[in-house]
Amino acid sequence: MPFDEHSADRAAAEEPGSEPPAPPRAVAPAAASRAQIDGWVAEGRYAEAAAALRTGGELAAAQELLERIWDYPAALAVATERGDLLAQLRLSLLSGDLARLARLRTTLATAGSELRRRAAATLEQHQQLVAAAELYEAADELTDAQRCYEQAGHHQGSARLHERSGELAAAFRAYERFLASSPHDPAQQAQAQRGLGRILQQLGRHEERSEEHTSELQSRQCIS
């Protein structure tokens with residue numbers, strides 16, 4: 001269920017620091033047998049089967065059943081018990097839990113490179129392109145980050161990566177597109193203007209070196 005890129009950040013600012021209470025579990029016997037659980041699954045009584053599996057500590061199986069009936073908030077609670085960050089991210093997106101999504105993005109920003117890359121791929125699949133680009137960039141997957149920034153129309157991020165890769169002409173065009181778009185935060189606008197200035201200086205030095213090289217070649221030809 002796609003939603004605004006920045007809504008998760010707004011929700012995090014409004015949400016208290018404590019975790020929200022987990023949704024109530026479906027009622028199931030405390031010690032359901034495997035035969036009972038299998039019977040509930042066969043009858044399509046997934047919520048009861050999931051509750052019994054969760055009580056018995058079979059969390060992955062319980063989460064799978066809850067996802068079958070699209071009970072994403074309950075599945076998210078189980079994924080949290082399991083400590084599975086990628087499942088939590090995916091289920092936060094599916095359930096529209098913006099506050100949890102914002103907290104997970106903060107946690108994943110400091111995770112290992114491979115986990116950041118996989119989390120970025122999950123965000124990209126759910127069309128959270130700027131968030132995906134930021135995690136790809138943090139994982140040093142610059143090609144993937146560039147693709148997401150460009151698809152999202154995030155010109156400043158695209159310009160920064162082009163500049164970082166030495167693609168000065170592309171960076172210059174992206175900064176120009178950013179400044180030509182709707183009004184921005186003054187700090188972001190000033191940052192883009194500084195980027196343009198850096199690129200112009202670098203391009204000017206390249207031109208000076210090119211002219212010096214051409215002049216040197218001409219001198220050598222005259223001498224010979």
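## Where α10 meets α11

Leu 142, Ala 145, Gln 146, Tyr 149 and Glu 150 are the α10 side of a helix contact. Facing them in α11 are Gly 157, Ser 158, Arg 160, Leu 161, His 162 and Arg 164. By class, this contact of α10 with α11 holds 4 nonpolar, 4 polar and 3 charged residues. The model described here is predicted.

Helix α10 covers residues 142–152, and helix α11 covers residues 155–164. The two pack at an angle of about 150°, and their axes lie 8 Å apart. That angle makes α10 roughly antiparallel to α11, because angles over 145 degrees count as roughly antiparallel. The crossing of α10 and α11 is left-handed.

## The overall fold

The protein has 13 helices and 0 strands. Along the sequence, the pattern is therefore α-α-α-α-α-α-α-α-α-α-α-α-α. The protein has 224 residues, and 35% of them count as buried.

Among contacts in the protein with a separation of 6 or more, 40% come from residues 24 or more positions apart.

Helix α4 spans residues 59–68, and helix α5 spans residues 72–82. They pack at an angle of about 165°, with axes 8 Å apart. α4 and α5 are therefore roughly antiparallel to each other. α4 passes α5 in a left-handed crossing.

On the α4 side, the contact uses Leu 59, Ala 60, Gln 63, Leu 66 and Glu 67. On the α5 side are Tyr 72, Ala 74, Ala 75, Val 78, Ala 79, Glu 81 and Arg 82. The residues of this contact of α4 with α5 divide into 8 nonpolar, 1 polar and 3 charged.

## The nonpolar cores

The largest nonpolar core has 20 residues. Seven names stand out here: Leu 89, Leu 108, Ala 119, Leu 123, Leu 135, Tyr 136 and Cys 148 touch the most other members. The elements giving two or more residues to this core are α6 (85–95), α7 (98–108), α8 (113–125), α9 (129–138) and α10. Of these, α9 gives the most, with 6 residues.

Take Leu 108. Leaving out residues up to four places away in sequence, Leu 108 touches Leu 85, Leu 89, Leu 115, Arg 116, Ala 119 and Leu 135.

Arg 117 is found in helix α8. Is Arg 117 buried, partly exposed or exposed? Its relative accessible area is 29%, so Arg 117 is partly exposed. Leaving aside neighbours within four places in sequence, Arg 117 is in contact with Tyr 136, Ala 139 and Glu 141. Arg 117 and Asp 140 are 23 residues apart along the chain. Their C-alpha atoms are separated by 8.8 Å.

Arg 177 is found in helix α12, residues 168–180. Arg 177 has 41% relative accessibility and therefore counts as partly exposed. Arg 177 and Ala 159 are 18 residues apart along the chain, and their C-alpha atoms are separated by 9.3 Å.

Terms used:
Residues numbered from 1 in each chain as written. Predicted model: local features only at pLDDT ≥ 70, side-chain atom pairs only at ≥ 80, totals over all residues. Heavy atoms only, no water. Axes fitted to C-alpha atoms, helices over the stretch in contact; angles between N-to-C directions. Helix = DSSP H or I, 4+ residues; strand = E, 2+ residues; numbered from the N terminus. Parallel < 35°, antiparallel > 145°, perpendicular 65-115°, else oblique. Left-handed = near helix turned anticlockwise from the far one by under 90°. Contact = heavy atoms within 4.5 Å. Nonpolar A, V, L, I, M, F, W, Y, C, P; charged D, E, K, R; others polar. Core = buried A, V, L, I, M, F, W, Y, C linked by side-chain atoms within 4.5 Å. Buried < 20%, exposed > 50% of the residue type's maximum accessible area, 1.4 Å probe, protein only.
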